[in-house]
Amino acid sequence: MYNAVTKTMIILALALVATACGKPQSTREAEALYAQADSAYAQGAFDTALALLDSIDHAYPGEIATRNEGLRLRPKVQEELSKIEFSQMDSLVAALQVRYDSIVSLMTKVSTPDFAEGYWVATEGRNPRLVSGDGIEGRVTETGEFYMVSSLCPSNVHHQWFTLSTGSADASTQVVPYDGELNYRVNGGEVVTYMTAACSAVGQFAADHRDETLTVTYRGERTKKQKLTPAQAHGLGTAWDFAQTLSAFRRASIERERLNRQLAITRDQQARIE
């Protein structure tokens, strides 16, 4: 009896080997890649598993049976990858929310009839009557874009840009020529608005040197210098920090929502296949 059973098992094993040996090389190679992909998935190496499944599709388009196996495994791999990405982004959003909450209390929301949307300024060092005198101000839009405004009143400097300096280092805005819009005259004064690209270097500089003595040099047909108070210098740095945090928070929130939708789609695909 024992010999008969053993003989039967040997015959079956030989048959399986013969069958495997009889497969085309492309089939054996595709199946080997799939086995590696399945093993990688089981071990949590989801990026590797996905790369192996892609290799099967690209290198062995004719191996339909193996590719069908891959189609059943792929949604499982993608779900795990999506879960990891979503978890990471969710953690980032939570961290940015904490940072936003800590900075927003240092900011003041300004609403004016001249703008459809308001803007934020740092409460510390704020001058509510900026355009009635001399000064610069860092502002932040609802979407986290940082921009700056400079004002001289009264003035005949006809300034188009300014430099912010510590004495040993400085940063300058781009030149904004007089155009009646971004650079205009009002009530004997001059007001210039510098959009993000024109003043980001100054914003970063202000944040890096907020605790130092800062001097503004307005530049145009003439020049004029103004020393900022410690509160004004610190407020500029706070406005820059708030802009970076708000814009990063918005981007991360949008990406988290995209990943959440992607995860739902992946789970739906897996449910249809199963």
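This briefing covers helix packing, the sheet and salt bridges in one structure. The model is predicted. Helices α2 and α4 pack with their axes 11 Å apart. Six strands form an open sheet with antiparallel pairing. The salt bridge count comes to 15.

**Helix pair α2 and α4**

- Helix α2 spans residues 25-42, and helix α4 spans residues 64-104.
- Their packing angle is about 20°. Angles under 35 degrees count as roughly parallel, so α2 and α4 are roughly parallel to each other.
- The crossing of α2 past α4 is left-handed.
- On the α2 side, the contact is made by Ala30, Glu31, Tyr34, Ala37, Asp38 and Tyr41.
- On the α4 side, these residues meet Thr66, Glu69, Gly70, Leu73, Lys76, Val77 and Glu80.
- By class, the contact of α2 with α4 has six nonpolar, five charged and two polar residues.

**The sheet**

- The strand order is β1-β2-β3-β4-β8-β7.
- The edges are β1 (107-110) and β7 (183-186). Each has a single partner strand, so one side of each lacks a neighbour in the sheet.
- From one strand to the next, the twist averages 30°.

- β4 covers residues 146-152 and β8 covers residues 189-194.
- Five bridges pair β4 with β8 in the antiparallel sense.
- Opposite serine 151 stands valine 191 of β8.
- Helix α5 (residues 196-208) packs on the sheet and touches both β4 and β8. The direction of α5 makes about 85° with that of β4.

- β7 and β8 run antiparallel, joined by four bridges.
- Valine 186 faces glycine 189 of β8, standing opposite that residue.
- The two strands form a hairpin, with two residues between them.
- In the turn, asparagine 187 has a positive phi of about 50°.

**Salt bridges**

- Among the 15 salt bridges, one joins the side chains of arginine 74 and aspartate 54, at 2.9 Å from N to O.
- This pair links distant parts of the chain, 20 residues apart. Arginine 74 lies in helix α4, whereas aspartate 54 lies in helix α3 (residues 46-59).

Note on methods:
Residues are numbered from 1 along each chain as its sequence is written. This is a predicted model: local features need pLDDT of at least 70, side-chain atom pairs count only at pLDDT 80 or more; totals for chains, interfaces and linings use all residues. Side-chain values use heavy atoms; hydrogens and water are left out. Axes are lines fitted to C-alpha atoms, for helices over the stretch in contact, and angles run from 0 to 180 degrees between N-to-C directions. Angles under 35 degrees count as roughly parallel, over 145 as roughly antiparallel, 65 to 115 as roughly perpendicular and the rest as oblique. A crossing is left-handed if the near helix is turned anticlockwise from the far one by less than a right angle, and right-handed if clockwise. Contact means heavy atoms within 4.5 Å. Ala, Val, Leu, Ile, Met, Phe, Trp, Tyr, Cys and Pro count as nonpolar, Asp, Glu, Lys and Arg as charged, and the others, Gly among them, as polar. Two strands pair if DSSP finds at least two bridges between them. A salt bridge is a side-chain nitrogen of Lys or Arg within 4 Å of a carboxyl oxygen of Asp or Glu.
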